[in-house]
Amino acid sequence: MIVVQGGDERKRNNQLGKERACMPLRTPQEYIDDLRKMKIELYMFGEKVENYADHPIIRPSINAMAMTYKLAQEPEYEDLMTATSNLTGHKINRFTHLHQSTDDLVKKVKMQRLLGQKTGCCFQRCVGMDAFNAVYSTTYEMDQAKGTGYHERFKKYMEYVQDNDLAVDGCMTDARGDRSKSPGAQPDPDAYLHVVERREDGLVVRGCKLHQTGMINSHEILVMPNNALREGEEEWAVMFAIPLDTPGVIYVYGRQSSDTRKLESGGIDTGNIHFGGQEVMTIFNDVFVPWDRVFMDGETEFAGMLVERFAGYHRQSYGGCKVGVGDTLIGAAQAIADYNGVSRASHIKDKIIEMCHLNETLYACGIACSSEGRPTAAGNYLINVLLANICKQNVTRFPYEMARLAQDIAGGFMVTMPSDKDFDHPEIGPLVRKYTQGSGEVPPENRQRILRLIENMTMGAGAVGYLTESMHGAGSPQAQRIMISRLVNLQHRKELAEKLCGVKDRDDIDWE
Ligand code: SF4
Ligand code: FE
């Protein structure tokens, strides 16, 4: 159902638009200043957090997102990091682009690999990019089928996002309550975000989205339904965008293992000294959404299409970002092998080759599903969904094997090493350094830093992005297996075999 009323651009948006009208590509500093101006209700460790942009636990995740702004400023990366908008013709950050060709899809994966290499973690901005592309094509098809007006409205929203170079968090995963029950059958209807009131000027929604990557590092939130819906579940079929600091939205920051190491000065024990990921529980406590920001309201039959497309794009994304992060882990494994004096051992060389093989296999999947993309009815390009699911299925496994190999090469000192404060201690420091000397002239601090980086990526805060997110992000492994079973044509394969052995449709060979 759609009720088109109101339609005024929100005052706040007009202000942002005016401020930013001349700056389609924002600098990292401007982006961080935007976050400093946000007045949001955020909790961490049971306390309210003010000025979160400068909080030492949160800041590494902001730095990672800021890298998407920084690289877009550099001529060397212009081709990967920027694109020309199909809506306005303006030069925009690729993270706000609606893919116009298979070349765009390939460049997206390459851009993500580059950012993974530069940050060694989840840089968070892809969820919005994947949501834009899924919402764009789905609203078009929804309008064609139902005579609604969502697509034009969404195009207007995208122009605002592109021209102001906004970071937008794509928001999908609901709390989900009893997993055996659909949204409409839950004892608590709020287990899935839904409409609780329909007003003349907009909707009021209630619910909670979990695992929101980069949520409070974004300017805006783009909310989508969690799964396919049936008739009778109209109130859960809702899609909309709101600014991060909309009243009624409450954010609770997710803990990560070793996160309090970020509070220690010096940073060596954190491993990745500048960058990290971010996951946030986001509660919508009766939040008002004006009509001009609503992109689905009751069209249950299109929820499945939207979810499938969004998941497909994000499964493609992992063939870029995790590969870039994997590059840094391979580099760390090679470095510690050198520092320990074992890089010539044949089994070490073989393990590093295996890591490269696994990593490049993921990349090959990311490139393949992009190259085999096709245009949607709306004109933007969709990946080959089967190959994107194959890509993500491999991502649920290979980074774990790469982490195992990196830990094998690193040795046990990665987890028994004294803290950085012991290395610096006036009395025991010299002794600690003497007995942590590795090969040749390599200073003990280099071993210390690389080991901490491997620890971070394979079992510390960085493992959230590199491992657990590889498992569950963009859908857990079983979700891809369901898609694979739906998309692979087994009957065709059966017929190929039957033909070869003469069971049916036997070809006569006439060249004997
Ligand atoms: Fe981007 Fe990867 Fe993080 Fe998803 S997991 S937001 S694709 S960096
Ligand atoms: Fe993710």
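**Exercise 1. The ligand shell**

Which helix gives the most to the shell around ligand 1? Work out, too, where ligand 1 lies relative to the two domains.

*Solution.* Keep in mind that this is a predicted model.

Step 1: List the neighbours. Around ligand 1 you'll find Cys-122, Phe-123, Gln-124, Cys-126, Val-127, His-314, Ser-317, Tyr-318, Cys-321, Lys-322 and Glu-469.

Step 2: Sort them by class. The shell has six nonpolar, three polar and two charged residues.

Step 3: Helix 8 gives the most, with five residues.

Step 4: Bring in the domains. Both domain 1 (7-300) and domain 2 (306-492) give residues to the shell, so ligand 1 lies between them.

**Exercise 2. Two domains side by side**

How many residues of domain 1 are in contact with domain 2, and how far apart are the C-alpha centres of the two?

*Solution.* The protein chain splits into domain 1 (7-300) and domain 2 (306-492).

Step 1: Take the centres. The C-alpha centres of domain 1 and domain 2 are 25 Å apart.

Step 2: Count the contacts, using heavy atoms within 4.5 Å. On the domain 1 side 50 residues take part, and they touch 47 residues of domain 2.

**Exercise 3. Walking across a sheet**

In what order do the six strands of the open sheet come?

*Solution.* Step 1: Write down the order. It's 2-1-10-11-7-6, and the pairing is mixed. Strand 2 (47-48) and strand 6 (194-198) are the edge strands, each pairing on one side only.

Step 1: Start at strand 2. Strand 1 (residues 41-44) pairs with strand 2 in the antiparallel sense over two bridges. Here Met-44 stands opposite Glu-47.

Step 2: Move on to strand 10. Strand 1 and strand 10 run parallel and are joined by three bridges. Tyr-43 has Val-252 of strand 10 as its bridge partner.

Step 3: Cross to strand 11. Strand 10 (residues 249-253) runs antiparallel to strand 11, with five bridges between them. Val-252 turns up again, this time with Met-281 of strand 11 as its bridge partner. Strand 10 is mostly covered, with four of its five residues buried.

Step 4: Go on to strand 7. Strand 7 (residues 202-213) and strand 11 (residues 279-290) are antiparallel over nine bridges. In this pair, Leu-203 has Val-289 as its bridge partner.

**Exercise 4. Inside the core**

Which residues touch the most other members of the largest nonpolar core?

*Solution.* In soluble globular proteins, nonpolar side chains tend to be buried together.

Step 1: The largest nonpolar core has 57 residues, and Met-81, Met-355 and Ile-454 touch the most other members.

Step 2: Ask where the core's residues come from. Helix 8 gives the most to this core, with twelve residues. Domain 1 (7-300) and domain 2 (306-492) each provide at least three.

Step 3: Zoom in on Met-81. Skipping its neighbours within four places in sequence, Met-81 is in contact with residues including Thr-68, Leu-71, Ile-92, Phe-95, Met-111 and Leu-115.

Technical notes: Residues are numbered from 1 along each chain as its sequence is written. Chains are lettered from A and ligands numbered from 1 in the order in which they are written. This is a predicted model: local features need pLDDT of at least 70, side-chain atom pairs count only at pLDDT 80 or more; totals for chains, interfaces and linings use all residues. Side-chain values use heavy atoms; hydrogens and water are left out. A residue is near a molecule or strand if one of its heavy atoms lies within 4 Å of it. Ala, Val, Leu, Ile, Met, Phe, Trp, Tyr, Cys and Pro count as nonpolar, Asp, Glu, Lys and Arg as charged, and the others, Gly among them, as polar. Domain bounds come from an automatic or database domain assignment. Two strands pair if DSSP finds at least two bridges between them. A nonpolar core is a set of buried Ala, Val, Leu, Ile, Met, Phe, Trp, Tyr and Cys residues joined through side-chain atoms within 4.5 Å. Buried means under 20% relative accessible area, exposed over 50%, partly exposed in between (1.4 Å probe, protein chains only).
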